[in-house]
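Colleague: Could you take me through one part of this model closely, residue by residue where that helps? Please give the cut-offs behind any term you use.

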Amino acid sequence: MSVKYTKDHEWIRLDGDVATVGITNYAQEQLGDVVFVEVPEAGTQFDAGAEAAVVESVKAASEVYAPLTGEIVEGNQALADDPSLVNSDPEGAGWFFKIKPDDLSQMDEMLDDIAYRALLVDLG
Amino acid sequence: MADTTNNLKTTPLDQLHHEYGAKMVPFAGYSMPVQYKAGVLQEHLHTRSQAGLFDVSHMGQARLQGSKAAEALETLVPGDIVGLGAGNMRYTLLTNDKGGIRDDLMVTHCGDSLYIVVNAACKDADFAHMQANLTDAKLEIIEDHALLALQGPKAAEVLARYAPAVRHMVFLTGQALRINDIPCFITRSGYTGEDGYEISIPNKDADAFARLLLSEHEVMPIGLGARDSLRLEAGLCLYGNDIDETTTPVEAALNWTIGKRRRAEGGFPGADVILGQIKDGTARKRVGLIPDGRAPARGGTEIQDLDGAAAGIVTSGGFGPTVDGPIAMGYLRTDLAEPGTRVNLMVRGKAQPAEVVKPPFVKQNYVKD
């Protein structure tokens, strides 16, 4: 099981042929208190880079992009009842959606743990 | 003072903001705290339950001097300034010749002068406008005073520890008081819907006094993020969002700021348009909106009627922490503006049903007697 990251501060954890996607701790800190999350429905098809979910803090709305081309297997319905899970457990219970990628090799272009941490260092 | 890295001005509390872990953002040419460590949600809720300290030193403060100052100011605003008693304070508007709003402001009758507070983003233009048009009064811009707001149900108790007289002030009054021997001008006012005070204090004393207030267990520093969500819940307009040069006081549902005598006499910029609208009505009106569900509708969101026709636009919208749900304000076709009317908010291309309401969204807790 490996975790990869995007420059848009999403994490992707591959489990067999399904990838779980969420936003990183850095991303939730930047957003502040999350008050609303809209996740995609199972069966929806996305191209990599397409807007797949919405996350809103008190102040502003942000998009979460599909990091991989594929079909949504599940959206995290728990976030509808408790959006603050994104703040309290961003890389665990605060996951956004599970997607079945068409082409697993898209994972190869993503940042590994070390590269993502280097990106955060650059961001100060 | 200037921040050398990005040419932003700073307030006398800049060092304090950094020490308290503020996230600083550019706002109206100033480096200002948008939030501290607690975050917008906690800061908002704390202000409604305890007391919050806001740095509003970026706002423009001035005094209008002269025996005819009130008469002079009335040539620029539709509010009754001549009828304002000594020690009393009033919310009014600088209007333009088309009836639009140049800025909103607070005016306090101080006995020998009028004390004026205007928005940070408009202050240079406002003061130039006043200087150019007020021949019977002298405008003195106050640059050497910071402005702090202490807001919330515990504000009176806390501030009275330093200035006992503040307990006896009522909402929308002001007076000169000494705090720890520092001469301050204090008004019982604010822009959160809560009881509270605004304290004009010399720049050199502002930091020390802010630290004293923050040492009180009820007080937490509050950033601009919570200031915005608090004023939205209180149904108060944000200049540049909810009101601007293209919206009139009548469209903005601010008729209450135009006194009876001013309606009869006119004599302010755009009076023909504004008084005509009071008589004949307007095609659109500012209303409150409560979306069904949890998705906030932000400023700029289109409002449609139930047939899908364009009906208006959201000007301020977001999440109300005290309401615990999304709230918004916007301009809506007058035939739909009645509270209880159902409309659709077009959030990310999807129609979100919402109900028209009359702001405020929370009970205002002003101390009126």
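Modeller: B:Pro202 lies in strand S12 (residues 196-202) of chain B; helices (H or I, at least four residues) and strands (E, at least two) are DSSP runs, numbered from the N terminus. This is a predicted model, in which local features need pLDDT of at least 70 and side-chain atom pairs count only at pLDDT 80 or more, while totals for chains, interfaces and linings use all residues. Residues are numbered from 1 along each chain as its sequence is written, and chains are lettered from A and ligands numbered from 1 in the order in which they are written.

B:Pro202 counts as partly exposed because 14 other C-beta atoms lie within 10 Å. On that scale, 20 or more other C-beta atoms within 10 Å of a residue's own make it buried, 12 or fewer make it exposed, and anything in between is partly exposed, with C-beta atoms placed from the backbone. Leaving out residues up to four places away in sequence, B:Pro202 touches B:Asp144, B:His145 and B:Ile182; contact means that the C-beta atoms of two residues, placed from the backbone, lie within 7 Å. B:Asp144 is 58 residues from B:Pro202 in sequence, yet the two are 5.9 Å apart from C-alpha to C-alpha.

Now the wider setting. Chain B is divided into domain 1 (1-239) and domain 2 (255-357), with bounds from an automatic or database domain assignment. Taken over C-alpha atoms, the centres of these two domains of chain B are 27 Å apart. Where they meet, 26 residues of domain 1 of chain B contact 20 residues of domain 2 of chain B. On the domain 1 side, helix H2 (40-49), strand S5 (89-95) and helix H7 (224-233) of chain B each supply at least two residues. By class, that side has nine nonpolar, 11 polar and six charged residues; Ala, Val, Leu, Ile, Met, Phe, Trp, Tyr, Cys and Pro count as nonpolar, Asp, Glu, Lys and Arg as charged, and the others, Gly among them, as polar.

Of these elements, H7(B) is mostly covered, with nine of its 10 residues buried. Among the buried ones are B:Leu224, B:Arg227, B:Asp228 and B:Glu233. The buried residues of H7(B) pack against several elements of chain B, including H2, strand S1 (23-27), strand S16 (310-320) and strand S17 (325-333). Just after H7(B), B:Gly235 has a positive phi of about 75°.
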